[in-house]
Amino acid sequence: MAKKIKILPSDTGYDLAAPRYDDKEDYLNSFEQGKVLTYLQDVAGKKVLDVGAGTGRLSVELSRRGALVTALDVSSEMLKVLAKKNKYIELAIGDAEYLPFGNEVFDYVIATFLIVHLRDPKQFFDEAYRVLKDGGRLIVTNINQAEAPEVETDAGPIKIESFYHRPEAVMKKLEELAYTIEKEDMVFEGDVWVNQILVAKK
Ligand SMILES: C[S@@+](CC[C@H](N)C(=O)[O-])C[C@H]1O[C@@H](n2cnc3c(N)ncnc32)[C@H](O)[C@@H]1O
């Protein structure tokens, strides 16, 4: 009989996944086709909060572009990998749904491959709105993942708890919270959408 694979919450799951996470960088990039970074070209001197920053796939590039980056994640092991790559990025261990920052601090909040791990992204969107300056932007991606994939770790294969969000539902939640949607890019593989990229203005 096939062995049942444990489904873990994000903090313990990503702590286990951290050492091998960067092996999948090209695969992860393919879901964005460079689009997320095109919306973050003029970030020099801007305050950027990367929520669910992981090992810094985007944080490191934004810091290189001169942004003042804060990387927040529930997984301390993911942030440890990030810390080895860049000493200028500020690190925060915390939960996307309770951001440990004051009101109207950031020019941008970004969240790539994050909301797939949130049962309901509404509270995160609300928090992002609170910490954004007036006119600031939330850039969020929503991958089309109906079922959590198997992840290889040194402790054996695991799955990390994840949730499917319909693109229209994500858009609706943002609009209900008074964001203005400036852009929606759908990334396709053949006929199937694989990622929704949204730029929402406060
Ligand atoms: C698939 S990784 C994405 C990492 C990075 N954003 C990227 O695009 O490569 C998802 C990250 O979100 C983090 N995460 C999941 N749920 C979270 C939450 N509620 N608050 C903060 N971070 C969370 C995980 O620990 C993990 O590092």
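The residues of the shell around the ligand divide into eleven nonpolar, six polar and four charged, where Ala, Val, Leu, Ile, Met, Phe, Trp, Tyr, Cys and Pro count as nonpolar, Asp, Glu, Lys and Arg as charged, and the others, Gly among them, as polar. The shell comprises 21 residues, of which S10, G52, G54, R57 and A96 are the closest; a residue is near the ligand if its C-beta atom, placed from the backbone, lies within 6 Å of it. The model is predicted: local features need pLDDT of at least 70, side-chain atom pairs count only at pLDDT 80 or more, and totals for chains, interfaces and linings use all residues. Residues are numbered from 1 along each chain as its sequence is written.

Buried residues have 20 or more other C-beta atoms within 10 Å of their own, exposed ones 12 or fewer, and partly exposed ones a number in between, with C-beta atoms placed from the backbone. Leaving aside residues up to four places away in sequence, V109 touches L49, V51, A128, V131, L132 and L138, contact being C-beta atoms, placed from the backbone, within 7 Å.

In helix α5 (residues 76-85), M78, L79 and L82 are buried. Because these residues fall within an arc of 95 degrees seen down the axis of α5, they line one face of the helix; the arc is that of the directions from the helix axis to the C-beta atoms. Their cover includes α1 (10-21), α4 (59-64), β3 (68-73) and β4 (90-93). Helices (H or I, at least four residues) and strands (E, at least two) are DSSP runs, numbered from the N terminus.

Conventions:
Contact = placed C-beta atoms within 7 Å.
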